Amino acid sequence: MYKKLSIIVLFLGMALAGFAEEVVFKANAPKQVVVGQAFRLTYTLNQRGRDLRTPETPDFDVLAGPSEAESSSFSFSNGHRSSTYEKTYTYMLAARQAGTFTIPPTTVKVSGETYTCNGLRIEVLPADKQPSQTSGNQTSGGQQQTANQSSDNIFIRTIVSKSNVHEQEALLLTYKLYFANVNGIQLTNNIKFPDFTGFLKQELDQASNQAELEHYNGRNYQTAVVYRAVLYPQHAGDLTIDPGSFEFVVSVPSQRRMRSFFDSPYDEVSRVVKAPGTTIHVSALPSGKPAGFSGGVGKFTMTPSISQTELQANEAVTIKLDITGAGNMKLIKTPAVDWPEGFEPYDPKVSNNFSTTTAGVSGTKSIEYLAIPRQPGEYTIPAVTFSYFDIEDKAYRTLRTPEYTIRVKRGASESTSGDQQSAVVSYTQKEDIKQLGTDIRYIDTKPLKPASHQSPVIHYDHVWLWYVIPLIIALVLLVVLRKQIQEAADITRVRYKRANKVAKKRLKAAETAMKANNKDAFYEEIERAAWTYLSDRLSIPTADLNKENITAILKQKGVNDSLIEQVMHVLSTAEFARYAPGTDHAMEDLYTATTNLINQLEEEKL
């Protein structure tokens, strides 16, 4: 009996030990402190411990400690009992000199076991200079711009990660708030940002971080980032970022006499703080651009794949490109695939998976090209090229896919009597013509009934017309169908004829998006309407579609310079506005300008 009881107690003790709470032992201290100012160093333990052994800290003076404090709580919920326990050891320290120092890990014993906490890294800032004198128009490190300080020791610095960049090279813009001698400060919605003329802007999410200490111009301030954005310069030259303004509600010591104990010793006042402007020096991309260069700047890789290389006629084949990297990802043009004759291509499907960080936009642009071969044979798909400017090596790079050899077999639905006769295959609206079926009926062997007086009288004088008329109709249909097939085979002519129709369809979609205030969809439709119309009307392949080629061909066709300038203005405005959307009025102006431009080009009879 006693033996069984001992075994039960043993297993019960093992179970309780298994459910015992894990020991957590942590050290905490501020990340930044000031020389000579006292700060707290605390060690927290969630179990009852003893023999705390702190390391030597030669860079800090121990002003007091350790002081110990314990707290515990118990709760019952749904018949279950839970408890918490915490023991805190607190030291008061002061740094001896400025610099970055570490406090090594500390050990403590719990139930005979030794546990070690984390170490700490503390930045020690110099003390304020006496007397405290700070002034505006300060510069630091060549990348720090002017600062405008208010009478309440509040100012904003405009910080750019780079002040000398190439076209389309990303740079980080930061507005950083500095404040001292205030009890509290809060940003309002009254913010006036600059126009960022000449830049494409991608805003970054603002994390709700706590204020941090920073030593600037001989004084220590609390700092907080109020705005960040990644900027992409669109052309060479000195681009100016105009000043901005931010309104804050500041809690400052009250100058009023306190009438009672409940009066607040602080007053809340509104303060508008100016963020100074700055200038970015933008260098043009070097000469020697590759033929397939479409404006990509950054660092990229390309991963190609193909769905199949052996298939039957009228089956789809898909080529997929994954362009991965960091740079102006949203401005990368879709590379073109030169499909062989006899392939019917579809518009590529593009999907983007981008993220914006302080280093810029990065991610993957996935492009799927689909085509259907209509005739059997062996075909070669030339390599697809993607060229970009490598911002790290300061040189142009060209990425290529391999050449794909595709073997197309005769489809099962095609006639097998090709040795005896040649078959003409035609299709309409990208679908194969299918024979729906025929009915075979048996001959009725019943005796004929005598004709009644009401039976119709058949005249045989014009029976020959029954054969001639269907033959004429068949010949007319054959001529019309052959003409349609010939026109459909001329892809350039088809694109030329449908250019205005496609543009009007996209403009109608843009108008719908504008009425719904869907800015992203509006600017995308407007941009695609302009570029697609020019590509179809001027018979420019997608791979060669750029502003230089458009300008050259329009001049060759005798288009006047004012209309060409209007074309360039619409293309640049649409491209810029897509990633830096403006007001509703700007949307209406762009829609009207694009519509008028297409109408004028139609009148030119290009």
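Author: Happy to! Let us start with Arg-121, which counts as exposed because its relative accessibility is 63%, and the cut-off for exposed is over 50%. Please keep in mind that this is a predicted model.

Where does this residue sit? Arg-121 belongs to strand 10. Leaving aside residues up to four places away in sequence, Arg-121 touches Lys-31, Thr-100, Phe-101 and Thr-102. Another residue to look for is Pro-104: it lies 17 residues from Arg-121 along the chain, and the C-alpha atoms of the two are separated by 8.8 Å.

Strand 7, made of residues 99-103, pairs with strand 10 in the antiparallel sense, over five bridges. Within this pairing, Ile-103 stands opposite Leu-120 of strand 10. Strand 10 itself covers residues 120-125, and three bridges join it to strand 2, residues 32-34. Here the two strands run parallel.

Now let us move to another part of the chain, for a second example of pairing. Three strands form an open sheet in the order 24-32-29, and the pairing is mixed. At its edges are strand 24 (310-312) and strand 29 (377-381), each of which pairs on one side only. On average, neighbouring strands of this sheet are turned by 30° against each other, direction ignored. Strand 29 pairs with strand 32, residues 404-409, in the antiparallel sense, and five bridges link the two. One place to look is Glu-378, whose bridge partner in strand 32 is Arg-407.

Finally, step back to the whole protein. Its secondary structure comes to seven helices and 34 strands. Of its 606 residues, 34% are buried; Arg-121, by contrast, counts as exposed. The protein exposes about 38100 Å², with carbon and sulfur atoms supplying 51% of that area. As for contacts with a separation of 6 or more, residues 24 or more positions apart account for 70% of them.

Definitions and conventions. Residues are numbered from 1 along each chain as its sequence is written. This is a predicted model: local features need pLDDT of at least 70, side-chain atom pairs count only at pLDDT 80 or more; totals for chains, interfaces and linings use all residues. Side-chain values use heavy atoms; hydrogens and water are left out. Two strands pair if DSSP finds at least two bridges between them. Helices (H or I, at least four residues) and strands (E, at least two) are DSSP runs, numbered from the N terminus. Axes are lines fitted to C-alpha atoms, for helices over the stretch in contact, and angles run from 0 to 180 degrees between N-to-C directions. Buried means under 20% relative accessible area, exposed over 50%, partly exposed in between (1.4 Å probe, protein chains only). Contact means heavy atoms within 4.5 Å. Accessible areas come from the Shrake-Rupley method with a 1.4 Å probe; for residues, only the protein chains shown count as cover.
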